Amino acid sequence: MKQTYQMYFGRNTPEGYVTDTQWDEFKDVLDMTFNSYTVSNCTGVWQGEEECTKYVTVSTKHREKVLDVCTAYAKVFGQDAVGLLIGEPMQFVTKLSEVY
């Protein structure tokens, strides 16, 4: 069953910060994994420390792919965790065809 996944990728790392260039390189993983997704910038707090965060939303039936992406980010950037919120399937409003 399709669900909506919201992934929170914090940009602070043990070595410093995930740069825009590093994020763009990692985003290639998202491009290879999902046809459609949304990326937003937000501010998060992890263990009392504020950090810039990339918030990614995708609607898919492939839970394992979402988990793989989260695990890859945590591994590549030395993250303690990646936030993941799972919700109801996203609904889409589409253009209605003309009725004759």
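## Basis of the model

Residues are numbered from 1 along each chain as its sequence is written, and side-chain values use heavy atoms, with hydrogens and water left out. Because the model is predicted, local features need pLDDT of at least 70 and side-chain atom pairs count only at pLDDT 80 or more, whereas totals for chains, interfaces and linings use all residues.

## Aromatic pairs around Tyr-73

A search of the whole structure finds 9 aromatic pairs (rings of Phe, Tyr and Trp, the last by its six-membered ring, with centres within 6.5 Å; planes under 30 degrees apart are stacked, over 60 edge-to-face, and the rest tilted). One of them joins Phe-9 to Tyr-73 in a tilted arrangement, at 4.6 Å centre to centre and 55° between the planes. This pair links distant parts of the chain, with Phe-9 in strand E1 (residues 3-10) and Tyr-73 in helix H2 (residues 63-77), 64 residues apart; helices (H or I, at least four residues) and strands (E, at least two) are DSSP runs numbered from the N terminus. Phe-9 and Tyr-73 are both buried, that is, under 20% relative accessible area with a 1.4 Å probe and protein chains only.

Tyr-73 also pairs edge-to-face with Phe-26, at 5.0 Å centre to centre and 75° between the planes. Here, too, distant parts of the chain are linked, since Phe-26 belongs to helix H1 (residues 20-33) and lies 47 residues from Tyr-73 of H2. Phe-26 and Tyr-73 are both buried, and one aromatic cluster is formed by Phe-9, Trp-23, Phe-26, Tyr-73 and Phe-77.

## The largest pocket

A pocket is an open set of points on a 1 Å grid over the protein atoms alone, where a 1.4 Å probe fits, with protein on both sides within 12 Å along at least five of seven lines, and its lining residues have an atom within 4 Å of a point; the volume is the space filled by probe spheres set on the points, which are joined across faces, edges and corners.

Of its 19 lining residues, Gly-10, Trp-46, Glu-51, Gln-79 and Ala-81 are the closest to the centre. At least two lining residues come from each of E1, E2 (12-13), E4 (38-46) and E5 (49-60), and E4 supplies the largest share, 4 residues. The lining divides into 8 nonpolar, 8 polar and 3 charged residues (nonpolar: Ala, Val, Leu, Ile, Met, Phe, Trp, Tyr, Cys and Pro; charged: Asp, Glu, Lys and Arg; polar: the others, Gly among them).

Definitions and conventions
Buried means under 20% relative accessible area, exposed over 50%, partly exposed in between (1.4 Å probe, protein chains only).
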